[in-house]
Structure formats: C-alpha cells, structure tokens
Amino acid sequence: MRILSNTSCVIAGLVLALSTSLALADVAVVVSAKSAASTLTAAQASDIFLGKASAFPGGGQAIPIDQNEGSAIRDEFYTKVANKSAAQVKAYWSKIIFSGKGQPPKEVADSSAVKKLIADNPNVIGYIDKAAVDGSVKVVFAN
Amino acid sequence: MPKKLTAIALAAISTYPVIGLADDTEKSMFAFKGFGTVGVVHSSEDGADFKGTVFQPNGAGRTREWDWGVDSKLGGQVSANFTDKLSGIIQAVAQHQFDNSSRPLLEWANLKYQFTPELSVRVGRIVLPSLLVSESRFVGYAQPWIRPPEEIYFASSITNSDGGDITYQSQIGEVGNTAQAFFGTSTAKLATGKIEAKPTWGINDTIEFDSWTVRAAYVFLNLDLELSSIEPLLNGLTTLGNAATTFGFTETGSQALKLADRYGLEDLDIHIFSLGANYDPGNWFLMGEVARFLGDGFLQDQNSGYITAGYRIEKFTPYVTFAMVDTERVDESISTVGAPGALATGANSLSAGVNSTLKNFASSQKSFSVGVRWDFSRSADLKIQYDRLSAEEDTYGRLSNAEPGFVADKTNVISAAIDFVF
C-alpha cells in the first residue's frame with residue numbers, strides 16, 4: 001500500500017512538473033534573428049509589452065506586437081511572463097489609455113503574422129508558438 | 001551636387017523599412033476609445049442624499065429611492081499621434097452634474113510633446129493628479145470598486161486644470177520612477193454656485209517596483225467660491241459688526257467682523273498632502289491611501305484614508321474596504337456680553353448661521369464596504385457593492401441635501417454597476 005501511494009505521489013509530481021514545463025514551452029518570446037537584442041528576464045519582457053519600456057535592455061527600440069485578444073497564446077504569455085490574467089491586462093491598459101499615457105501594442109492574428117512583422121522590422125518583439133520558431137527569429141525568453 | 005543628394009536620399013529611403021510595412025507596426029494617427037458605467041444605488045437613509053460627486057445636485061436616499069445618476073457615466077476620447085514626439089488627446093465625460101443634466105463636459109484637451117523618452121510636457125486642459133486613481137477616476141473598468149472611496153476622493157473633487165505639466169520618467173534597474181509637476185487654473189460648477197481655483201499647482205512622485213506602486217503628492221489650490229446662499233450670511237456679519245462697533249459694542253462688533261473676514265469665500269488657500277500605495281502580486285492586492293487636507297474659511301481641516309483588500313478567483317474579485325474621514329470641527333460664537341437684546345439676538349442668529357454652514361461643509365464618517373467584481377466579458381464587468389456608512393461627530397457624514405432636523409447615523413447603501421470599455 002505504502003509503495004503504491006509513494007509511486008503515485010512520484011508520478012503525480014512528475015506529471016505536474018512535466019505539464020508546467022510543457023505549458024511554458026508553448027510560448028516563445030522572439031525577435032528578429034538579425035536583432036542585436038539578447039535574452040530577457042520575464043520582468044524585462046513584461047515591461048516592454050506593458051509599455052513601461054520602449055527599448056531593449058542592451059539598447060535599441062523595442063516595438064511589442066500582441067496576438068489577438070482572447071487567443072490562448074496571448075493569455076498564456078501574459079500569465080507566464082507578466083503574471084497577469086487577461087482581465088488584469090485589460091484593466092491595466094484601460095488605466096493607461098484613459099489617463100492619456102499610452103496605447104497598447106498592435107494586434108495580429110497568429111504566430112506567422114508575428115514572424116512576418118519581425119522579418120520586416122528588426123525592432124519588433126513578439127510571442128509565438130514554440131513550434132513556430134525557425135531561422136528567421138531568435139528566442140529571447142522561453143522559460 | 002544634386003546627383004549626390006539624390007543618391008544620399010535614395011540610400012536613406014532604401015535603408016528605411018518600406019513605408020507600407022512600417023505602418024503595420026506603427027500606430028495609426030487617430031484612435032477613438034470610450035468607457036462607461038451604468039449603475040444604480042439605493043440608500044437606506046431617506047433624510048439625506050448619497051451622491052457620487054460633490055457636483056451632483058441630489059442622489060439616492062432623500063431624493064430618489066433608486067438612483068441611476070450616482071455612478072452612471074459615459075466617456076469618450078480621441079487621441080492623436082501627430083509625429084513620434086507630438087500627440088494630443090481630447091476626453092469628454094457625461095454624468096449627472098450640477099444642473100441636473102448629463103451634458104458631456106470636456107475633461108481634457110491637451111497636446112503632449114515627448115522631448116526625450118524620459119521627459120514630456122503637456123499643455124492645455126490636463127488632469128489634476130491629486131490621488132492614486134485620479135488619472136483614470138471615471139473609468140470604473142480600471143478600478144476594483146464601484147467608486148473611489150468618497151471619504152478621501154470627495155475633498156479632491158476638482159479633476160482637471162487648464163495650464164500645463166511636466167513629467168520625468170526614469171528606470172533605474174527594476175525600479176521605475178515618475179515625477180510630475182503641474183500648474184493651472186480650474187473652474188467647476190456646483191448646484192449652488194461655482195468653485196474657481198486660481199491657481200492650482202502641485203507635484204507628485206510615483207515609484208513602481210515589482211508588485212509595488214507607491215505615490216506621494218502635494219496639491220495647492222487658491223479657491224474663490226461663488227455661493228450665493230452664503231453671501232447673505234457674510235453680509236449680515238459685516239453689517240452687524242460695523243453697526244455694533246459704531247454704537248460702542250466693540251466686543252460684539254469686532255468678533256462679528258472677524259468672522260466675516262475668516263469665513264470669506266475668496267482667496268482660500270488649500271493644501272492637500274497624500275500618500276498612496278498598491279501592492280498587487282497577482283492573485284490578491286492591497287491598496288490604500290491617506291490624505292491630509294489643510295483648509296481655509298468654511299473648509300475645515302480634514303484627515304482621510306482607506307484600505308482595500310481584494311482577492312482574485314477565476315473571473316471574480318471580491319474586495320473589502322475600510323475608509324474614514326475626520327473633519328477637525330470648528331465652532332464659532334459672538335460675544336453678546338453687554339449687548340442689548342436686539343443686538344444679541346442678531347449676533348446669536350448669525351453665529352448659528354456660521355455654525356450650520358460649517359457643519360454643512362464638514363464630514364466625519366467611517367465606512368465599511370464589501371463587494372465583488374465579475375469580469376463576465378472581455379470588455380465589461382459587473383460589480384455589486386454594499387457600503388455601511390457611520391456618520392460621526394456632529395456632521396452629516398458624506399451625505400448631503402439633509403432635510404431639516406436630520407441627524408446622521410448609520411446608512412446602508414447597496415449599489416450595482418456594469419463598467420465597460422470600447
């Protein structure tokens with residue numbers, strides 16, 4: 001009985017660990033492969049997407065691009081990177097917009113639209129499915 | 001020469017992202033956005049009104065059983081990015097206001113120039129940033145409660161000024177700092193007259209670090225009040241004071257004149273000091289502010305504060321608030337020693353008038369609120385809130401329009417509101 005419960009505990013633990021890392025692994029924050037930007041911490045990435053920073057830590061303009069409101073990848077990104085739910089992000093931007101302090105990032109439809117914009121402008125930073133990462137982009141945050 | 005210039009120009013254009021694609025990442029010049037609240041309030045106290053702002057002529061309780069005007073409002077704004085440094089904004093808000101209408105009022109109309117990423121200047125009608133949520137005061141969607149706690153927000157009711165401000169933002173490591181100074185004039189209308197701030201100015205500083213936001217602010221206002229209902233009282237004091245002095249009743253006379261001077265409606269120097277903090281690690285938050293109001297004339301000194309705690313569970317955010325406001329009450333009298341009957345009666349009636357006006361301008365109250373916010377949609381929320389108000393110390397609390405003989409005690413207020421943004 002004891003061995004069984006121990007094993008099931010271990011298995012449960014493994015599944016939990018795996019599922020957490022699998023969830024994180026779904027979203028990769030990327031910039032152009034030609035960009036000089038290097039890896040970011042969650043706080044640095046969060047600051048860029050929340051409009052608190054307009055440049056990369058190492059220098060150079062940073063233009064964040066969101067995926068569509070309500071999309072799973074967007075909610076995942078903000079939960080994991082900024083620790084904010086979709087409603088919190090919306091309330092945050094409402095405060096900023098309606099105090100005249102700024103505007104939220106432009107929205108595009110999906111990961112390939114993000115990559116297209118990145119290809120056209122090396123200052124763009126976006127988040128895409130990890131499976132969509134290819135040679136045109138460089139991952140600056142994924143865990 | 002021209003050929004060389006052409007070559008340079010062409011080279012410059014070719015290294016620039018092609019205009020069409022650059023537009024995709026750039027924001028369009030004009031953006032229209034709006035916000036609103038539809039709310040209803042019921043107050044258990046039918047001897048006085050519960051209002052949403054000092055500018056509303058009436059409210060829930062005495063005037064209406066269910067009042068839709070207390071919290072309902074609609075705001076729209078147009079923002080324009082003329083160049084990457086020059087932008088402008090116009091915001092108008094419609095809500096129940098002084099003339100019992102809901103005509104939209106121009107809240108902001110200003111131009112902003114971003115000199116550097118850190119330094120910006122605004123000119124025009126700008127927000128008067130007295131308190132923590134002053135800059136998005138009317139946007140229910142951006143706040144946890146149905147309305148910012150009235151104990152502290154009512155004393156800072158003037159929401160904009162015409163003038164300018166300068167803001168300096170900096171980031172040192174993980175700490176963001178925003179310092180701001182403003183200067184301007186403002187006019188706001190009441191049901192009974194007008195308030196003019198000529199001038200108003202202030203400074204504030206906000207520090208953001210991790211889950212923390214801390215803000216300190218100072219606002220100065222030099223007020224002229226135009227309140228036709230109070231002018232007869234002041235004229236009476238002056239007339240009686242002069243007459244009493246002329247006939248040799250110097251004590252009565254000089255005291256009456258002193259009151260006329262002390263309670264004049266012009267050139268009132270008001271100082272508001274405030275400190276606010278918000279701790280929001282994600283699943284829950286704690287938010288609080290304290291303010292010290294140093295008044296003049298009928299506006300007595302006041303201390304106020306609140307603390308709000310909220311917890312996020314899925315789409316629900318229940319919250320609880322404790323708030324208080326305490327006015328340092330002043331009581332006046334005119335000596336009638338040695339004064340003949342008629343003079344004494346006149347003096348007593350005038351000092352009673354001064355005291356009842358002082359009571360009207362005072363508010364001491366403690367309140368406990370509990371509510372829940374439900375983010376049922378991506379752009380809207382529903383809030384239900386219960387407030388239990390306890391008026392104290394010979395004031396009407398935060399209620400107004402009291403019927404004669406009204407004594408404020410405990411009041412239950414139930415409110416429901418839907419906030420939305422578009």
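**Surface, interior and cavities**

Guide: The accessible surface of chain A amounts to about 7000 Å², and 60% of it belongs to carbon and sulfur atoms (areas follow the Shrake-Rupley method with a 1.4 Å probe, and for residues only the protein chains shown count as cover). This is a predicted model, in which local features need pLDDT of at least 70 and side-chain atom pairs pLDDT 80 or more, while totals for chains, interfaces and linings use all residues. Residues are numbered from 1 along each chain as written, chains are lettered from A and ligands numbered from 1 in written order, and side-chain values use heavy atoms, without hydrogens or water.

Of the 143 residues in chain A, 41% are buried, that is, under 20% relative accessible area. The chain holds 5 helices and 5 strands (DSSP runs of H or I with at least four residues, and of E with at least two, numbered from the N terminus), and from the N terminus these elements follow the order α-β-α-β-α-α-β-α-β-β. When contacts in chain A (heavy atoms within 4.5 Å) are taken between residues at least 6 apart in sequence, 71% of them join residues at least 24 apart.

Volume is the space filled by probe spheres set on the points, which are joined across faces, edges and corners.

The largest cavity, with a volume of about 140 Å³, is lined by 15 residues, and B:Pro149, B:Glu150, B:Glu151, B:Ser369 and B:Asp387 lie nearest its centre. At least two lining residues come from each of helix H3 (150-153) and strands E16 (316-327), E17 (365-377) and E18 (380-391) of chain B. By class, this lining divides into 6 nonpolar, 5 polar and 4 charged residues.

The second largest cavity has a volume of about 60 Å³ and a lining of 13 residues, with B:Trp108, B:Ser134, B:Glu135, B:Arg137 and B:Phe138 nearest its centre. Here the lining comprises 6 nonpolar, 4 polar and 3 charged residues.

Elsewhere in chain B, B:Thr178 sits in strand E10 (residues 175-190) and is buried, because its relative accessible area is 18%. Beyond its neighbours within four places in sequence, B:Thr178 is in contact with B:Thr167, B:Tyr168, B:Gln169, B:Asn204, B:Asp205 and B:Thr206.

How values were computed:
Buried < 20%, exposed > 50% of the residue type's maximum accessible area, 1.4 Å probe, protein only. 1 Å grid on protein atoms, 1.4 Å probe; cavity = no way out; pocket = protein on both sides within 12 Å on 5 of 7 lines; lining within 4 Å. Nonpolar A, V, L, I, M, F, W, Y, C, P; charged D, E, K, R; others polar.
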